[in-house]
Amino acid sequence: KKINLAVVGATGMVGRTFLKVLEERNFPIENLYLFSSKKSAGSKVTFAGKEYTVEELTEDSFTGRNIQIALFSAGGGTSAKFAPIAAANGALVVDNSSQWRMDPEVPLVVPEVNPEAIKEHKKGIIANPNCSTIQAMLPLKPLHDKYTIKRIVYSTYQAVSGSGVKGVEDLEEGIKGNPTGFYPHQISYNCLPHIDVFLENGYTKEEMKMVNETRKIFGDDSIRITATTVRVPVKNGHSESINLEFEKEFDLDELKEAMAAQEGVIVMDDPANNVYPTAVECAGNDEVFVGRIRRDFSVENGVNLWVVADNIRKGAATNAVQIAEKAMEMGLV
Ligand code: 2RA
């Protein structure tokens, strides 16, 4: 069946990728509505061969239009105000901002990991996890099920596309010698241990997102987790070094097979032939790529992984569209 779908934040990097992914996946859309801030309203967007005019988002945008799914990627403030309005007008909202992720009445979903959480929504809002969390959940899910993860150390190497067009511009101009000053320090030829804002506990919001969102998605607050998230001079694609300690013993080949069997994961692991995932080669795909799989000999039952994914696709747009597809499959729309 075809449905009426809205995209809020349609002109942003994730919003434009929502549309690309919806078209690629032939999402069954009857009527499409595109919304943005006043600044971008009026711009034209082509979708499935048809031209659409982006409207300014207002409190009446959802009235009387029977919008059944609304994909949001327009910042926390817009989601805070307009997601409830969309839901009150009958839409199921899939929100990419961090606004609703830790709300107990809002499921935080990676469709390959915890699809059953979708039907738990209490206010018509489902939250898309942070990009760096999403890509970690896919390889970790089979390992947690099989060996029970007791501790995680995340170290991330995050592309500038995570900051949107302004981040990409600071890197590209910086390489030419004209940094735009978007980042607090030069990003070209540099690494910045600073994503989002610093908190009282000395961590950044990005680091605490990985800690808190992992526990919510696995439904397990006992997992011990620490994170260091770093902005690196990569245009697109987040890379992550993930160190895991398990309650149970494991066989390395069996562990690799468990990840390879996980829907959405591709294992690229043959160091003798220089085979391991890199951002440049993995960007543009919807899978999560895992390599450098090796035992951590410093603890009883530990392993190190290198995990790469496109942070705008699987890390944001594709994951949200997959949630919408799953919700339709479940008859929730
Ligand atoms: C970043 N994960 O990379 C954050 C938000 N997209 O900047």
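A residue is called buried when its relative accessible area is under 20%, exposed when that area is over 50%, and partly exposed in between, as computed with a 1.4 Å probe on the protein chains only. The structure is a predicted model, in which local features need a pLDDT of at least 70 and side-chain atom pairs count only at pLDDT 80 or more, whereas totals for chains, interfaces and linings use all residues. Residues are numbered from 1 along each chain as its sequence is written, and side-chain values use heavy atoms, with hydrogens and water left out.

Thr 148 is partly exposed, at a relative accessible area of 25%, and lies in the loop between helix H3 (131-147) and strand E9 (149-158), where helices (H or I, at least four residues) and strands (E, at least two) are DSSP runs numbered from the N terminus. Although Thr 148 is not a glycine, its phi is positive, at about 55 degrees. Most residues other than glycine have a negative phi. A positive phi, near 50 degrees, is also found for Arg 292, which is placed in strand E13 (residues 288-296) and is partly exposed at 35% relative accessibility.

The largest pocket holds about 1,300 Å³ of space, a volume being the space filled by probe spheres set on grid points that are joined across faces, edges and corners. A pocket is an open set of points on a 1 Å grid over the protein atoms alone, where a 1.4 Å probe fits, with protein on both sides within 12 Å along at least five of seven lines, and its lining residues have an atom within 4 Å of a point. The lining comprises 47 residues, of which Ser 73, Gly 75, Gly 162, Ser 163 and Gly 164 are the closest to the pocket centre. Helix H1 (13-24) gives the largest share of this lining, with four residues.

The UniProt annotation "binding site", from an unreviewed entry, covers residues including Thr 11, Met 13, Pro 179 and Asn 311; such annotations may be inferred rather than shown by experiment. The annotated positions are spread over 301 residues of sequence and up to 25.6 Å between C-alpha atoms, and the lining of the largest pocket takes in Thr 11, Met 13 and Asn 311, among others of this set. Thr 11, located in the loop between strand E1 (3-8) and H1, is partly exposed at 28% relative accessibility. Met 13 belongs to helix H1 and is likewise partly exposed, at 21%; beyond four places in sequence, its contacts (heavy atoms within 4.5 Å) include Ser 161, Gly 164 and Ile 312.
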